[in-house]
Amino acid sequence: MVAGGAGGAQKVDEFQPHPIREQLPGIDFCISSSPTWPEVILLGFQHYLLMLGTTVAISTIIVPLMGGGNVEKAEMINTLLFVAGINTLLQTWFGTRLPVVIGGSYAFIIPAISIALSRRFNFYIDPHQRFKESMKALQGALIVASFLPMIVGFLGFWRIVARFLSPLSAVPLVTLTGLGLFALGFPQLANCVEIGLPELIIVVILSQYIPPLIQGRRAIFDRFAVIFSIAIVWAYAEILTAAGAYKNRPPSTQFSCRTDRSGLIRAASWIKVPYPFQWGRPSFDAGDIFSMMASALVALIESTGTFIAAARYGSATHIPPSVLSRGVGWLGVGTLLDGLFGTGVGSTASVENAGLLGLTRVGSRRAVQISAGFMLFFSVLGKFGAVLASVPLPIMAALYCVLFAYVASAGLGLLQFCNLNSFRSKFVLGFSLFLGLSVPQYFNEYHFISGHGPVHTKARWFNNIMQVIFSSPATVAAVVAFFLDTTLMRNHSSTRRDSGRHWWEKFWSFNVDTRSEEFYSLPWNLSRFFPSF
């Protein structure tokens, strides 16, 4: 009789829903803890390797359009790395204090290309001079645009927005922060499928299949799967290149596959420290500034999604609105430094590095700070950094397939706080996710076919603003979800619980939950002078 009762209880337990977790379980090291020094240094190097992909890709897109060659490309990469190292330290010390890497943002590509192709630079015959003049225009636009996130963040406006953000409206934001970058995944991998696909298969096997089979040494494989897989496939790519596998292939294939076609090693300086205004005095144009401000807004929204994902994978509690606003302000400082040094694009929180927190199950702040040290070191010693930056981009694209998916799943994990049996929740989720994918797809396809966006007026700056905003899946989804969640059936008695708002209310004020102090308080007792509310 007792056995039967126990069996019945076990059957009942099987059908109980999974408990809601304010902090993600299964993380080996949270934000405020750290592995041993050798491990954390390797993890920091892994974060550095990962952010190189975006840095090189952005420079590869922009520099040729500005008239630059391999020398200018190498200088821009080193400048991006140097400023990214500074911004990452500032964000982890004084911003959100989350383990996030701050690097170059794709959100700034559209206005950057528009400036690079501007007719006002056509009369410069010397390509290097054209590059410098284009860069000075980018610098001026970035410097002024940086005041938008600084004002929104440091004056507390983003704190007001964050207080209205519920788990329901955060799901589309965080999910499409990851999924919205799908074009950088397999389509880029397919540019050289013979090295991209092995990289994808190897990193999945090393991180997912081998660890359960080797319980005692599990951490070695899932924590360092990125380093191991890059080393294996990069060596394989070197063999293919040396064996002449790409001699008679099209130039585009050779550029994507060969390990000796980046031109960075030859062009990079041995030692050079980037410094403010290294390209000359910035120039200012009102249209360029407005376009860059739109990009700064998009980067701000997308970074909010990355911050939420990083908090989950750092096993922290939800980010208090005042801390989120503080982080946005320092993101603006980062974009200001981008303008002063001349990186060509503004800053954002790196999505792929947030995904790496989930892959490794190590949310240590120290690992990210060490990665910032690697950025500063290799940006000054240009030749050494150029060797690592010559990793073929399809290898990095294969990693994005895994890491962007982790960020997307962090957003889906927020559904545990919501009532999925509510038709209001179903509409808000489904409609915002659908528009977040459909609208940018329309804008991007229209631009690809016609050479310009669907908004095509005589005001180039206005066209850029519309294209930047509506080509960002996370931004479109977040705006739609936020609007619907704050207006649809607002006064209904069940709305607060259906959207999961009651789970995050205690984090609206910094001092209500004691765990906020552990994860988000400023270092060196600075919270006494700069309190969070």
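A disulfide is a pair of cysteine sulfur atoms within 2.5 Å. I start my notes with that cut-off, and I keep in mind that this is a predicted model.

**Entry 1: the disulfide**

I looked for pairs that meet the cut-off and found one disulfide. Which cysteines does the disulfide join? I find Cys192 joined to Cys257, with S to S at 2.0 Å. The torsion about the S-S bond of Cys192 and Cys257 is about 125°, so I note the disulfide as right-handed. The two partners sit in distant parts of the chain, 65 residues apart. Cys192 is in the loop between helix H9 (186–189) and H10, while Cys257 is in helix H13 (residues 251–257).

Next I checked cover. Buried means under 20% relative accessible area. Cys192 is at 1% relative accessibility, so I count Cys192 as buried. Cys257 has a relative accessible area of 0%, so Cys257 is buried too.

**Entry 2: other cysteines**

Cys30 has a relative accessible area of 19%, and I log Cys30 as buried. Cys401 is in no disulfide. How far away is the nearest cysteine sulfur to Cys401? It belongs to Cys192 and is 14 Å away. I list Cys401 as partly exposed, because its relative accessible area is 27%.

**Entry 3: helix H10**

I moved on to H10, residues 193–213. H10 has 21 residues. From first C-alpha to last, H10 reaches 29 Å, close to the 30 Å expected at 1.5 Å a residue. Where does H10 bend? I find a bend of about 35° at Ile205. I also noted buried residues in H10, among them Ile195, Gly196, Glu199 and Leu200. Further along H10, Val203, Leu206, Ser207 and Pro211 are buried as well.

**Entry 4: helix H16**

H16 covers residues 321–341. Its 21 residues should span 30 Å at 1.5 Å a residue, and the end C-alpha atoms are 30 Å apart, which agrees. How many residues of H16 are buried? I get 18 of the 21, so H16 is largely enclosed by the rest of the structure. Gly342 follows H16, and its phi is positive, near 85°.

Most residues other than glycine have a negative phi. I looked up two residues with positive values.

Arg97 has a phi near 70°, and Arg97 is not a glycine. I place Arg97 in the loop between helix H3 (70–94) and strand E1 (102–104). Is Arg97 buried or exposed? At 10% relative accessibility, Arg97 counts as buried.

Met489 is not a glycine either, yet its phi is positive at about 50°. I find Met489 in the loop between helix H23 (473–487) and helix H24 (495–498). At 42% relative accessibility, Met489 counts as partly exposed.

**Entry 5: the whole chain**

Last, I stepped back to the chain. I log 26 helices and two strands. The radius of gyration is 23 Å, close to the 24 Å that the globule rule gives for 533 residues, so the chain is as compact as a globular protein of that length. Along its principal axes, the C-alpha trace spans about 90 × 50 × 50 Å.

Buried residues make up 57% of the 533 residues. I then looked at contacts between residues at least 6 apart in sequence, and 84% of them join residues at least 24 apart. The accessible surface comes to about 22400 Å². Carbon and sulfur atoms account for 67% of that surface.

Key: Residues numbered from 1 in each chain as written. Predicted model: local features only at pLDDT ≥ 70, side-chain atom pairs only at ≥ 80, totals over all residues. Heavy atoms only, no water. Helix = DSSP H or I, 4+ residues; strand = E, 2+ residues; numbered from the N terminus. Expected span 1.5 Å × (residues − 1). Bend = angle between axes of the 7 residues up to and from the residue. Buried < 20%, exposed > 50% of the residue type's maximum accessible area, 1.4 Å probe, protein only. Rg over C-alpha atoms; globule rule 2.2 N^0.38 Å. Contact = heavy atoms within 4.5 Å. Areas by Shrake-Rupley, 256 points an atom, 1.4 Å probe, with all protein chains shown as cover.
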